[in-house]
Amino acid sequence: MNSPKQRQNIHYFPGHMAKAFAALAPYLKSADLVVEIADARAPSASRNPMLLSLLGEKPHLLVLSKLDRADPKVTEAWLSYYQSHQTNAIASDLKHEKIIRNLLTGASSMITRKREKEQKIGMKPQPLRLLVLGIPNVGKSTFINNLAGRNAAKAANRPGVTRAEQWVKVSQDFVLLDTPGILPMNYPSEEQAILLACLGSIKEEVLPLDALADSLLALLRSRYPACLEERYGIADVTPLSDTMIYEKIAKRMGYLSAGGNPDFSKARRGLLKDFQDGLLGRLSLEGAPC
Ligand code: G4P
């Protein structure tokens, strides 16, 4: 159980939700398709649920980023879940694969609809206007740079889209706004906040480090014990207390105090960093709903 002080720390709201959404409104209006980026390792926690209510009839494509970091089976399950819930979704390793083909597949029905409309009124085919949105650190700039093939995206450091509007032609099918829209975080539960901090979408400092590492460890214990063996040589975590596990991590990784004793704080920090750097393997923090 967290103390009232710890609970207070977790409720951290960067920016003003209503103001941020108001700033996005004109861009939403001129876009044909909203591309929402979320982290494949926590597809639910890394979205702002208010976005959907704002979109109305606007076509929407959800892109799960960091496919290379997520558990492939879990990502598959999320994609099936979206498919059965009328959500257009694709998953991608934005850092290492060209996104354009994946995007063409994900947006094919929207492109077809647009082409049909254009044909009806005798208009030449126009590229789809994409607006890229998402909470911090999910890969919005990486997505834009991947598509535009150059340093098109310079993330604004406040919610909304703050620079002058500039559409970049990407292919005959797409143009995109060169700056992503940053959605404010909306995390009603402590669990979601912890997941977001583990992913680096909210600053770790706003959460007590010990609680954060302990939550990650609990998750790894139950879902991915093998990664603790591979990285730290801990063969069976079941009978071990958290303290015992941190002690083993500290010894294995050389996280020792000046006197040679295990440094538990360094061990916790090391575990988090290893997860964030992808050194624990492909792991997902949130399973798909059944
Ligand atoms: P943002 O605009 O939404 O804030 O996110 P951004 O694109 O800046 O990406 C945040 C971090 O996530 C970056 O790492 C970026 O490289 C990484 N990233 C984005 N998409 C993917 C992906 O599909 N796979 C992997 N493995 N990483 C991804 P960084 O360490 O902050 O920067 P950098 O050193 O990689 O440039």
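Good morning. I begin with Val168, which belongs to strand 5, residues 167–169; strands here are DSSP runs of E with at least two residues, helices are runs of H or I with at least four, and both are numbered from the N terminus. This is a predicted model, in which local features need pLDDT of at least 70 and side-chain atom pairs count only at pLDDT 80 or more, while totals for chains, interfaces and linings use all residues. Residues are numbered from 1 along each chain as its sequence is written, and side-chain values use heavy atoms, with hydrogens and water left out.

Val168 has a relative accessible area of 8% and is therefore buried; buried means under 20%, exposed over 50%, and partly exposed in between, with a 1.4 Å probe and protein chains only. Between Val168 and Leu130 the C-alpha distance is 9.7 Å, at a sequence separation of 38 residues.

How many of the nine residues of helix 7 are buried? Seven are, in a helix that spans residues 140–148; among them are Lys140, Phe143 and Ile144. Gly149 follows helix 7 and has a positive phi, near 70°.

Lys140 also leads us to the ligand: an N or O atom of its side chain is 2.7 Å from a ligand oxygen. A ligand oxygen also lies 2.7 Å from a backbone N or O atom of Leu94, and one is 3.0 Å from a polar backbone atom of Gly139. Alone, the ligand exposes 700 Å², of which the protein buries 65%; these areas come from the Shrake-Rupley method with a 1.4 Å probe.

Which residues come nearest to the ligand? Of the 15 around it, they are Asp68, Leu94, Lys95, Lys140 and Thr142, where a residue counts if one of its heavy atoms lies within 4 Å. By class, this shell has six charged, five polar and four nonpolar residues. Thank you.

Methods: Polar contact = N/O pair within 3.5 Å; in protein donor to acceptor, adjacent residues only side chain to side chain. Nonpolar A, V, L, I, M, F, W, Y, C, P; charged D, E, K, R; others polar.
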